[in-house]
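Reader: Hi! Could you walk me through this one?
Author: Happy to, here it is.

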Amino acid sequence: MSALRGFRSGLVWLVAAVSLLPLWVALRTDHRLLGEDPLITLTFAKNLARGDGFVFNHPPPVLGTTPPLFALLAGALDRLLPGAEPTAIAVWLSAACWVAVLWLILWFAGDLRLSSWQVAAIAGTVTATGWVTRLEFEAYLLAALLVLAIGLYARGRPAAAGAVAGLLFLTRGEGLLLFGLLAAATVLSELRGRTPRPAGPLGSATARLAAGFGVPVLAWTAYALPTFGGVLPNTLAAKIAQGSSGLWQPFLGQLATVWVPAWGRPLALGSAPLLSLAWALVAVGLVVMVRRGSRLLLLVAWTAAYVAGYAALGVAGYPWYACPVYLALAVLLGVGLGSVAGGLAARVRPRAVGVALAGACLAAVLLPLGAPTAVAVVRRTPSQRHLAYYEMARWFRDHVPADASIAYHEVGYLGYYTDNRIVDLLGLVTPGLTEHVAAGDFAWGFWRERPDYLVYLEGSRFFEGILRDPRFAAGYRPVVTLAGYDGKSLTIFGRAAGP
């Protein structure tokens, strides 16, 4: 018994040790040069902190960010922490959520029917495969809320699980899928008589789950409907339109041919990513979870529903859309690896030799699995594209009045680092363009808005229809050409009559 307590105490120290990696990654992240999409969200956070509401620098309000909860949290923290940049807040918030995933797995281990070896292995796999280049996104907030909701449900707290599922829905719309799965599992359990039913209007677990879910969702609905005219971000419609245009690679194709094979490559046999030890351990993990009836199967089911939904909608494939799939794979691999290690520790005698072999088993998998992650952190260099966009935004801030409007197809840097009105040619933060974007027409929105400035990326397909139009040559003149990226310049055109 004392040896068991010692092992569990060591497990706490292990989780504490691996929790240092997310903090190290946050320290090494240049928060000025984040990704385009996160800066769209943080533009809303910037304006929320100022008290201007959900606007992209200028009215009207628009729900142009996929994770409204992340924008609200970053905006609130910016208001509470004067002098802290929302970009730095976003990075540290994501790092804290990454750490939370590790501790939540440990906290709910008994409810999720995980052994100590499995917890240790999951902590290792979730850390070793960390999304170090996606730390500014809402991906880790989504992961933490997923694990928290499932853990609370497994512990028999349906109301709390429902409330967290509601927050998950406000983080990304696909969070709604988890509430559906929890509701279905609860109804099935009640029909089988496995869930006790106390008296009262909220006596059933299903009613408590629904009530918990309704609290954040109804509060958001009361705000969003009169403000935006809808509850869901318009970004999903924009990404579907991009997929329909045929100019972006589809989500499912990218997932199957690029993202998933790359995830298993560190444990591949030779140069064949499909012949990887990772997939064998993932299969072992799935079998173990099914046999034990682990509630973590809800995570697997949610991931499958997420993939099926995005594939059916024909969403364009952006690399960060793979993060939820990576989380499920890391958990499955951790369960499989922990099961193998636990088997060695239990069966090999003397016990010390078994434990040593189990530890070696973990190290043999986690070290090669985590090597690319460590290299990505150590060798991380600023993106030339992001550097170019940062300098472009500085030029506008120094030379253009804040009431001038600027059109471009990537608007995160322009939105965050200027206070100008931004015209988004892809329709993420400029509503009413998705039908035309789906048809590959990026000029319609430009002529509808007639902005004061256009940023032209040399050779980009997004501007062909605009530049060929006789009205453009008659109404716009080149103002300055800036250094771009990948050998392409950025030319800024201004209205001939001035802003």
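Author: What follows is a chat about rings, a helix and the core. This is a predicted model, where local features need pLDDT of at least 70, side-chain atom pairs count only at pLDDT 80 or more, and totals for chains, interfaces and linings use all residues. Residues are numbered from 1 along each chain as its sequence is written, and side-chain values use heavy atoms, with hydrogens and water left out.

Reader: Thanks! How many aromatic pairs does the structure hold?
Author: There are 39 aromatic pairs. Rings of Phe, Tyr and Trp (its six-membered ring) pair if their centres lie within 6.5 Å; planes under 30 degrees apart count as stacked, over 60 as edge-to-face and the rest as tilted. Among them, Phe44 and Phe54 have ring centres 5.6 Å apart and planes at 45 degrees, so this pair is tilted.

Reader: Where do Phe44 and Phe54 lie?
Author: Phe44 is in helix α3 (residues 36–50), while Phe54 is in the loop between α3 and α4 (68–80), ten residues apart. Helices (H or I, at least four residues) are DSSP runs, numbered from the N terminus.

Reader: And are Phe44 and Phe54 buried or exposed?
Author: Both Phe44 and Phe54 are buried. Buried means under 20% relative accessible area, exposed over 50%, and partly exposed in between (1.4 Å probe, protein chains only).

Reader: What about Trp98 and Tyr140?
Author: Trp98 and Tyr140 form a stacked pair, 4.8 Å centre to centre with 5 degrees between the planes. Trp98 lies in helix α5 (residues 86–107) and Tyr140 in helix α7 (residues 139–154), so the pair ties together parts that are 42 residues apart in sequence. Trp98 is buried at a relative accessible area of 0%, and Tyr140 is buried at 2%.

Reader: Which charged end sits over the ring of Trp447?
Author: That of Arg471, 4.2 Å from the ring centre. Arg32 lies over the face of Tyr390, at 5.4 Å from the ring centre. A charge sits over a ring if NZ of Lys or CZ of Arg is within 6 Å of the ring centre and within 35 degrees of the ring normal.

Reader: Switching topic: which residues of α9 are buried?
Author: Leu178, Phe179, Leu182, Ala183, Ala185, Thr186 and Ser189 are buried in α9. They cover an arc of only 165 degrees around the axis (taken from the directions from the helix axis to the C-beta atoms), which puts them on the same side of α9.

Reader: What do the buried residues of α9 pack against?
Author: They pack against α7, α8 (158–171), α10 (205–228) and α14 (297–313). Just after α9, Gly193 takes a positive phi of about 75 degrees.

Reader: Now the largest nonpolar core: which members touch the most others?
Author: Leu333 and Phe396 do, out of 171 residues. Helix α15 (residues 323–347) gives the largest share of this core, 14 residues. A nonpolar core is a set of buried Ala, Val, Leu, Ile, Met, Phe, Trp, Tyr and Cys residues joined through side-chain atoms within 4.5 Å.

Reader: What is Phe396 in contact with?
Author: Leaving aside neighbours within four places in sequence, Phe396 is in contact with Ile406, Leu414, Thr418, Tyr453, Val455 and Ile492. Contact means heavy atoms within 4.5 Å.

Reader: And where is Trp395 found?
Author: Trp395 is in helix α17 (residues 384–399), and Trp395 is buried, with a relative accessible area of 14%. With neighbours within four places in sequence left aside, the contacts of Trp395 are Val400, Val479, Val480, Leu482 and Ile492.

Key
Helix = DSSP H or I, 4+ residues; strand = E, 2+ residues; numbered from the N terminus.
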